[in-house]
Every structure is written in structure tokens, then in C-alpha cells.
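Student: I'd like to learn how to read a structure like this one. Can you walk me through it?

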Amino acid sequence: MRKAFLLGAALVAAPAIGQTRAGNQLAPKSQAAMPRTPGIPYRPTGIPDRIVLTPAADASRGAAVAWRTDPRQTQAVAEIGVALDSPGTARDKRQVSGTSFPLDAVNGPSIYHQVRFAGLQPGTAYVYRVKGADGWSEWLPFHTPAASPAPFTFLYFGDTQNRILEVASRVIRQAFRSTADPALVVHAGDLVAQREEKAHDDEWGEWAAAGGYNYATIQQLPATGNHEYVDVPGPAGQENRLIGPHWQPSFTLPRNGAPGAEATSYFVDWQGVRFIVLDGTSALDLGTLASQTRWLDATLAASKARWNVVLFHQPIFTCARPNDTEELKAAWKPIFEARGVDLVLQGHDHCYSRLTSEQGRDASNRARAAGRVQGPVYLVSVVGSKMYALNDRAATQPDRVAEDTELYQRIDVDGDRLTLRSFTATGRLYDGFRLNKRRDGRNRLEVLSDRPIDTRRCAGNVGPDGFPCTARGR
Ligand SMILES: [Fe+2]
């Protein structure tokens with residue numbers, strides 16, 4: 001089936017690049033004038049590319065895939081079966097069809113395809129492949145999770161956004177290279193810049209190239225950032241935020257989100273962890289705050305998971321900006337606390353922060369020493385090259401901060417223990433803590449005894465590596 005690009009009811013339909021919904025030109029000059037990746041490596045062909053695997057809401061029973069081809073492949077067709085050790089492709093192989101979306105961009109006309117694999121068996125190794133006019137992709141392996149709690153590891157990436165292939169890719173690849181069999185990757189928004197930096201389609205090409213086959217074989221959970229939205233002038237000159245045209249075709253997400261933000265909010269259950277993804281931009285700018293807040297509360301209330309992890313872009317507590325994101329803080333923080341959210345993973349600020357108490361680091365240390373339980377732990381991190389200077393509160397409020405530093409996180413979930421480690425681009429341990437869940441569901445936080453490297457901050461104009469500090473705002 002091939003159909004027009006369609007978004008959730010209250011989200012505005014996103015046009016293909018170069019066109020508005022009415023078919024008018026959407027700032028085509030600005031796209032044409034944007035810097036391009038040399039050599040046009042991202043032109044669509046008859047071989048599938050930009051293949052991204054995503055989980056179903058019950059990941060143990062379903063998965064989904066999105067990919068891109070040139071326009072000759074008009075049907076979304078994939079094959080899937082149980083993986084074999086022999087080269088005989090797969091057992092119980094079946095063909096599955098889905099939905100195709102045309103998308104015109106600076107690299108030429110393309111078609112994105114989406115297929116959902118339903119009726120999968122928990123804890124099973126599968127292979128799948130997807131079709132283009134000139135041939136199939138390779139067979140791509142993945143695992144479904146168990147239907148009940150079991151240990152697993154996932155990765156958390158802050159904003160990749162800037163110089164994605166040139167600089168951010170080394171962090172992404174270090175994460176995959178150093179982590180044994182990660183089950184999932186969560187992206188805290190601003191996967192791309194979608195501003196005056198580079199042609200949008202080249203950025204999405206870079207994003208796919210940076211992760212490569214890892215994005216096709218490990219389930220991805222993306223959150224939108226403000227940069228996943230484009231600003232389109234309205235008839236009276238006002239700015240309208242529209243989800244960028246690549247978002248929905250690129251990610252075949254569960255359709256179980258908040259009313260009004262169906263394309264960008266969702267939840268997934270994975271071996272005893274409920275991942276809840278919110279859309280801060282839609283909440284702040286598109287009037288879905290109340291809807292997302294109700295949905296968040298209901299989704300947490302219904303959760304039977306031992307751990308609840310929430311992912312979105314604009315941080316409740318900022319490490320770079322003068323003020324916290326007050327609207328989200330007022331609406332969502334009380335729910336995180338009342339419903340026992342364990343981790344809040346965020347981006348947007350282009351610095352690193354691990355915050356365990358709004359009252360500050362000393363208060364948090366005192367509370368821990370007195371045996372108090374730990375509420376939600378708030379993380380902010382960044383993968384890409386854009387860096388913001390830490391704000392004044394960063395000196396005393398978060399437990400651990402960094403500036404001018406690219407990082408990734410590895411999170412290990414094992415029964416009543418959840419361990420988060422932050423690593424730098426070169427793979428050095430920067431921060432680490434463990435949440436130990438008590439029988440009553442509340443946590444104690446233990447700072448890992450592994451000795452991390454020293455705090456990384458700029459000193460005046462000099463960065464922590466002795467080169468000019470790249471953090472803006474200093
Ligand atoms: Fe960002």
C-alpha cells in the first residue's frame with residue numbers, strides 16, 4: 001500500500017521537503033542553499049538504506065522496520081523468519097507487506113517503507129530483510145526480548161544533532177564497540193539539526209550512516225527534540241512548528257501515545273522495564289502538555305514493570321540555561337515522583353548533568369548518608385559536537401557535570417539493580433551509579449566505586465583537554 005504521508009490527529013501533516021500541505025513551495029531556496037555533503041552519497045537507490053528497527057509496544061511479541069529506496073520500489077515488502085545457524089536463511093520464513101510513503105528531498109525522490117512484524121515469539125533470534133527495486137538488503141539479525149523480567153543492557157544517546165557523521169559517529173561507534181550485545185538504544189531528541197546547518201536529507205543520511213547496521217539490528221527508541229520540528233511561516237508571518245518530514249517515515253513506532261502526539265509519544269515494555277517517550281516540543285509549543293500529562297500518569301499507573309524510565313528532550317533541570325523548563329517541571333515532575341519513575345533521560349542542553357536532588361549535591365549526599373530513598377534521577381547528556389557552557393547552578397546542584405565533552409551511557413538492568421555508566425568519546429568512565437530497588441519499590445542510590453576521570457570543565461577559554469573551549473556561552 002502506498003499512501004500520503006499522514007500524522008496524528010492534532011499534529012499537522014508534515015509535507016515532503018519543498019512542499020507545504022497545499023503543495024506550495026516550503027522555503028525550497030533555503031534547502032537548496034544549505035551546505036551539502038560532498039559527492040552526493042545519500043541519493044536513494046534500488047538497494048534499501050536507512051534501515052531502522054523499532055520495537056512494538058510489547059517488544060517480546062513484535063518489532064517493526066523502516067527503510068528507504070528510490071521510487072521504483074513502490075511496495076513495502078519484507079521477509080522474516082527464525083534465525084538458523086546454517087546459511088539456509090530462516091525457518092518459518094514469511095513475507096510481510098506494509099505501507100510506503102513518498103518523500104522528495106534534495107537527494108531526489110525517494111520512498112520510505114514501513115513493515116510491522118507481529119506474532120513473534122519472545123526470546124527468539126530472528127532474521128529479516130527488506131526489498132528495493134534492485135535487490136534485497138542483507139539478512140539482518142535481531143532478538144525479541146523475553147516476556148518476563150530478565151537482565152539486559154541499553155544505550156542512551158543525547159543530542160547527535162551536529163557534525164553527525166564527522167564527529168558524533170565516533171561516540172556512537174565507541175558505544176557499540178565497547179558494549180556487549182546492547183538490546184536497545186534510546187535517543188533523547190535532536191537526532192539532527194534541521195536548521196541552517198546542512199541540507200535536511202543529508203543530515204538524516206549522516207544519522208543513518210553513523211549508526212549503520214546497528215540501527216537495523218538493535219531496536220531504536222527515539223524521542224523528538226525541538227530540531228525534529230521545522231518552523232514554517234504562516235500566512236500572517238507567524239511561526240508554525242511542524243514535525244519534520246523525515247520523522248514519521250523513518251521510525252515505525254508503536255501507536256500507543258498521548259492523544260494529539262500520537263506520532264511522537266509512545267511506550268514500550270522490555271524485560272521488566274517500561275520505557276515512556278514524551279514529546280517536549282509538542283507539549284510546550286503545540287498544546288499537548290495536558291494530554292501528554294494525563295497519558296503519562298495513566299501509563300505509569302498501569303505499568304507493571306519493576307523499572308520505569310522516561311525519555312524526552314527538554315530537561316526538567318537544566319545544566320546550561322538560566323531557567324529550568326518550568327512548564328514541564330510543574331506538570332511532569334510531581335508525576336515522576338508520585339509514580340516512582342526511576343530514570344529521566346533528557347538532552348537539549350549540550351552538557352552533562354546527573355541530578356539526584358533539586359536542593360543540590362550536598363543535600364543529596366546528606367540524604368544518602370542518612371539512609372533516605374532516592375527519587376527520580378535526572379540525566380542530561382550530549383553526543384554531537386555542539387557544546388553549551390554550564391550554568392551557575394551546575395557548580396552545586398547536580399552530583400556530576402561536564403562541559404565540552406561528548407558522552408554516551410550504558411545502562412545495565414539486572415533484577416533489582418539498575419546501573420548507569422557514562423563514558424566519554426574515547427571510552428573513559430566519567431560517571432557511574434547504581435539504583436538498588438527495595439521490596440517496596442523505592443530505590444537507594446549507590447555511587448560506583450570505580451574511579452572515574454576528573455571533572456571536565458573549561459577554565460576560561462581553555463577546554464578540559466587544553467584546547468580552546470568549544471562550549472558556547474562562556
Ligand atoms: Fe540539541
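Student: Let's start with D159 and D190: are they buried or exposed?

Tutor: Buried means under 20% relative accessible area, exposed over 50%, and partly exposed in between (1.4 Å probe, protein chains only). D159 and D190 are both buried. Keep in mind that this is a predicted model, where local features need pLDDT of at least 70, side-chain atom pairs count only at pLDDT 80 or more, and totals for chains, interfaces and linings use all residues. Residues are numbered from 1 along each chain as its sequence is written, and side-chain values use heavy atoms, with hydrogens and water left out.

Student: Which protein donors does the iron ion have?

Tutor: Donors are N, O and S atoms within 2.8 Å of the metal (3.2 Å for Na, K and Ca). Here they are D159 (OD), Q161 (OE1), D190 (OD) and H350 (NE2), at 2.0 to 2.3 Å from the iron ion. Along the chain, their spacing reads D-x1-Q-x28-D-x159-H.

Student: Why does the pair D159 and D190 tie together parts that are 31 residues apart in sequence?

Tutor: Because D159 sits in the loop between β10 (152-157) and α2 (164-178), while D190 sits in the loop between β11 (184-187) and α3 (200-211). Helices (H or I, at least four residues) and strands (E, at least two) are DSSP runs, numbered from the N terminus.

Student: And how many residues of domain 1 and domain 2 are in contact?

Tutor: Contact means heavy atoms within 4.5 Å. Six residues of domain 1 touch five of domain 2 in that sense. The bounds, from an automatic or database domain assignment, are 28-143 for domain 1 and 152-188 + 264-472 for domain 2.
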